[in-house]
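Here are my notes on the model you sent. They go from the whole chain down to two residues.

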Amino acid sequence: MVERKLLVLFGSQTGTAQDTAERIGREAKRRHFQCRVEALDSYDVANLINELLVIFVCATTGQGDPPDNMKMFWRFLFRKNLPPGSLCQLDYAVLGLGDSSYPKFNFVAKKLHKRVLQLGGNPLLPVALGDDQHDLGPDAVVDPWLLALWDKILALYPLPPGLEIISPDVRPPPKYTQHYLAEDSPYPNGGLLQPIAPRAVPSELHPFAARVVSNQRVTAESHFQDVRLIEFDVTGSGIMFSAGDVVMIQPQNCPEDVQQFCQLLRLDPDRRFVLKPTEPDASLPALLPQPCTIRHLVTHYLDISCVPRRSFFELLSYFSTNELEREKLQEFSSAQGQEELYSYCNRPRRTTLEALWDFPHTTCAIPPEYLLDLIPRIRPRAFSIASSMLVRAQPFSA
């Protein structure tokens with residue numbers, strides 16, 4: 001019997017494509033596939049010629065650009081010396097996530113689909129083009145496309161004898177298990193940031209700790225917008241920039257929000273733990289020290305200020321001990337409830353922390369080991385650079 005292996009590769013800038021890729025991974029495991037979900041640049045692209053079944057989930061950024069975590073893959077895939085039939089044994093599907101208000105709508109997904117086809121790949125379905133502008137968001141395209149895709153895949157790779165698709169009512173296992181440490185444990189405390197390697201270029205996984213030189217408000221105190229000019233000292237970073245470039249700033253949650261979160265979930269912020277993956281091939285989260293305190297996890301890693309996605313409510317529903325709360329959570333995570341979810345979450349820009357307040361019985365029942373499945377990591381925020389290196393050799397203003 002052919003091995004039932006599925007690889008899901010994503011290119012994600014804001015986390016939406018990663019969230020969708022992880023959803024596909026969960027659905028694959030319910031169908032008893034061995035499934036890996038990886039960022040495209042974390043995957044050794046030279047192995048693609050050996051893969052039999054791959055789903056690509058790709059966002060498009062800017063003016064038709066690939067996300068940062070698939071740029072190396074992108075350059076490799078479009079090398080002119082790749083043999084035309086090199087991917088002839090590959091069955092694949094491409095899911096694009098974009099915004100139709102931009103001229104190059106889902107350009108990356110379309111181009112990827114065409115290139116894999118040129119290299120001999122066999123498409124299982126036409127490329128899917130999710131659209132942020134749709135009333136129901138990308139799920140308006142994603143939901144029916146996935147139903148059709150699973151039909152195709154199960155025709156090629158039927159369920160093993162005696163096995164059935166695991167019911168959606170069964171809670172999926174967490175990605176990691178948490179092992180709490182005794183107070184007198186010999187483990188040292190983890191640092192706030194991983195140290196940057198000598199002469200390494202600063203990046204999302206190796207940020208440069210720049211000193212704030214000044215922080216000035218440039219709008220009047222009476223104005224509704226608080227716009228600021230902030231100067232950073234980047235001496236020794238090797239960062240080159242021009243006016244109009246973008247600087248990525250790694251934010252953290254404020255102490256008041258961290259305290260509220262810990263109280264809601266009945267967590268001891270000073271409790272220390274180590275993480276262990278539940279699957280042997282899985283890697284530990286980047287930038288999270290081992291061991292780690294609950295306070296550090298919530299302050300520096302969990303994005304409790306982001307607008308929660310559909311997958312948040314789906315997973316939350318498994319923990320609910322309150323019937324009314326569980327029914328509402330299941331509605332928000334259903335295909336039919338997406339308009340209601342949009343009105344609850346997206347229109348008022350309701351944060352994850354605010355949503356947890358609205359489901360108190362469920363929130364206090366969340367097992368801590370599911371926190372990293374439930375809440376995405378804090379991503380860097382982009383700000384415009386207002387200064388030029390021609391005028392200022394070291395500090396820059398954002």
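**Notes on the model**

1. Burial first. This is a predicted model. Of the 398 residues in the protein, 43% are buried. Buried here means under 20% relative accessible area.

2. Overall dimensions. The radius of gyration is 23 Å. A compact globule with 398 residues would have a value near 21 Å, so the two agree. Along the principal axes, the C-alpha trace spans about 65 × 55 × 50 Å.

3. Secondary structure and contact range. The protein has 12 helices and 14 strands. Take the contacts between residues at least 6 apart in sequence: 76% of them join residues at least 24 apart.

4. Surface and charge. The accessible surface comes to about 21,400 Å². Carbon and sulfur atoms account for 53% of that surface. There are 40 positive and 46 negative charges, and their mean positions lie 6 Å apart.

5. UniProt lists residues 6-150 as "domain: Flavodoxin-like", in an unreviewed entry. Treat that label as an annotation, which may be inferred rather than shown by experiment. In the model, residues 6-150 are 32% helix and 23% strand. The end C-alpha atoms of this stretch are 12 Å apart.

6. L129. Which strand holds L129? It is strand 6, which covers residues 128-131. L129 has 26% relative accessibility and therefore counts as partly exposed. Leaving aside neighbours within four places in sequence, L129 is in contact with G96, F105, N106, K110 and V141. G98 is 31 residues away from L129 along the chain, yet their C-alpha atoms are separated by 7.2 Å.

7. R23. Is R23 buried or exposed? Its relative accessibility is 15%, so R23 counts as buried. The residue is placed in helix 1, residues 16-30. Not counting residues up to four places away in sequence, R23 touches D139, V142, D143, L146 and R310. For a check in the viewer, start with R23 and R310, one of the pairs in contact.

8. The two residues together. L129 belongs to strand 6, whereas R23 belongs to helix 1. L129 is partly exposed at 26%, and R23 is buried at 15%. The contacts of L129 include V141; those of R23 include V142.

Key:
Residues are numbered from 1 along each chain as its sequence is written. This is a predicted model: local features need pLDDT of at least 70, side-chain atom pairs count only at pLDDT 80 or more; totals for chains, interfaces and linings use all residues. Side-chain values use heavy atoms; hydrogens and water are left out. Helices (H or I, at least four residues) and strands (E, at least two) are DSSP runs, numbered from the N terminus. The radius of gyration is taken over C-alpha atoms; the globule rule is 2.2 Å times the number of residues to the power 0.38. Buried means under 20% relative accessible area, exposed over 50%, partly exposed in between (1.4 Å probe, protein chains only). Contact means heavy atoms within 4.5 Å. Accessible areas come from the Shrake-Rupley method with a 1.4 Å probe; for residues, only the protein chains shown count as cover. Lys and Arg count as positive and Asp and Glu as negative; His and the chain ends are not counted. The place of a charge is taken as NZ of Lys, CZ of Arg, CG of Asp or CD of Glu.
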